[in-house]
Amino acid sequence: MPTSETGPALPDRPLPPEGAIGPADVRAAARVPVDRKRQPSGDEARGRAMRAAISVIAEKGAAALRMSDIAARAGMSTGHILYHFGKKDRLLLEVLAWSQADLWTRFQQAADRAASPAEKLDLFVSHYLPRHQGDERYALWTQVLAQRHDEAGRRILTELLDGWDERLEAILREGRDLGHFADVDVPEFTVRAVAMLSGISEDVMFGRSRWQHTSPHAFAMAALERELRPTGRA
């Protein structure tokens, strides 16, 4: 996911989550001939366009991206894509914001069912780390962070990245207040924890051999749990 500071504003209209987006799932979606008389509309169309954009950006990169590529992947007209995104330079932040809103919705739904702060922490790590080397969501983060942004764009990115920090801090405070976690300095611990998760994520996306036989998730959880274990508890 992110690396360093924070992240983007959420989309204007909330969209229903559609499960994890894997490379095969997105590429297979909506590769149908464009029927301009039956173009999807509203949230359905925006969601389809967003998922297609995530896939194309991860595959081709931001520099080579064309609106027509997204339209072809989504089975929509180029005009319909322009209606949803406007200018190309606004596209990356729009898609990243939508992707994060979807991911956070699914994380919150899972966290609401969690039985303990420790289980919520496990869910946080699962949602933060890339699922595999070609994870499209994390590839999108990489593409966006590599771009030059104006003040408005940097503010959006900061809000998005902060969203991860805030969710982790809430879990840590709950665990500390219930006595499940050690009495850590929550802001300082969050900075170190997110830095560690970002480093592991970059390793996974790069394909470092160290993770071929070691679970990134298990490694991260073991490191966090060592520090969070209350004094005197084995």
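1. Let's start at Thr78, which sits in helix α4, the stretch covering residues 78-85. In this predicted model, Thr78 has a relative accessibility of 32%, so Thr78 counts as partly exposed. Leaving aside residues up to four places away in sequence, Thr78 touches Met67, Ser68 and Ala71. Arg66 is another residue to look at here: Thr78 and Arg66 are separated by 12 residues in sequence, and their C-alpha atoms are 9.6 Å apart in space.

2. Two of those partners of Thr78, Met67 and Ala71, also turn up among the buried residues of α3. The buried set is Met67, Asp69, Ile70, Ala71, Arg73 and Ala74. Just after α3 comes Gly75, which takes a positive phi of about 70°.

3. Now for the overall picture. The protein has 10 helices and 0 strands, so to read the elements from the N terminus is to read α-α-α-α-α-α-α-α-α-α. Of the 234 residues in the protein, 49% are buried. Among contacts with a separation of 6 or more, 77% are between residues 24 or more positions apart.

4. A word on confidence before the details. The average pLDDT for the protein is 80, and 80% of the residues score at least 70. Residues 3-40 are the stretch to flag: their pLDDT is below 50, although the stretch has 109 contacts in the model beyond near neighbours in sequence. Where pLDDT is low, the predicted coordinates should not be read in detail.

5. Helix α6 covers residues 117-128, which is 12 residues. From first C-alpha to last, α6 reaches 16 Å, close to the 16 Å expected at 1.5 Å a residue. Which residues of α6 are buried? They are Pro117, Lys120, Leu121, Leu123, Phe124, Val125, His127 and Tyr128. An α-helix has 3.6 residues a turn, so residues three or four places apart point the same way. The buried residues of α6 pack against α5 (91-112), α7 (136-145), α8 (151-177), α9 (186-206) and α10 (216-228).

6. Take the pairing of α5 with α6 by itself. Two packed helices are described by the angle between their axes and the distance between the axes. For α5 and α6, the axes come within 10 Å and cross at roughly 160°. That angle is over 145 degrees, which makes α5 roughly antiparallel to α6. The crossing of α5 past α6 is right-handed. On the α5 side, the contact is made by Leu103, Arg106, Phe107, Ala110 and Ala111.

7. Next, α7 and α8. Their axes come within 12 Å and cross at roughly 140°, which makes α7 oblique to α8. Here α7 passes α8 in a left-handed crossing. From α7, the residues making the contact are Trp141, Val144 and Leu145. From α8, they are Leu157, Leu160, Leu161 and Trp164.

8. Helix α8 has a further partner in α9. How do the axes of α8 and α9 cross, and at what angle? They come within 10 Å and cross at roughly 125°, which makes α8 oblique to α9. The crossing of α8 and α9 is right-handed. The α8 residues in this contact are Asp165, Leu168, Glu169, Leu172, Arg173 and Arg176. Facing them from α9 are Val186, Pro187, Phe189, Thr190, Ala193 and Val194.

9. Last, have a look at Trp211, in the loop between α9 and α10. Is Trp211 buried or exposed? Its relative accessibility is 14%, so Trp211 counts as buried. Not counting residues up to four places away in sequence, Trp211 touches Ile200, Asp203, Val204, Pro216 and Phe219. With Ile200, the sequence separation is 11 residues, and the C-alpha to C-alpha distance is 9.1 Å.

Technical notes:
Residues numbered from 1 in each chain as written. Predicted model: local features only at pLDDT ≥ 70, side-chain atom pairs only at ≥ 80, totals over all residues. Heavy atoms only, no water. pLDDT = per-residue confidence, 0-100. Contact = heavy atoms within 4.5 Å. Helix = DSSP H or I, 4+ residues; strand = E, 2+ residues; numbered from the N terminus. Expected span 1.5 Å × (residues − 1). Buried < 20%, exposed > 50% of the residue type's maximum accessible area, 1.4 Å probe, protein only. Axes fitted to C-alpha atoms, helices over the stretch in contact; angles between N-to-C directions. Parallel < 35°, antiparallel > 145°, perpendicular 65-115°, else oblique. Left-handed = near helix turned anticlockwise from the far one by under 90°.
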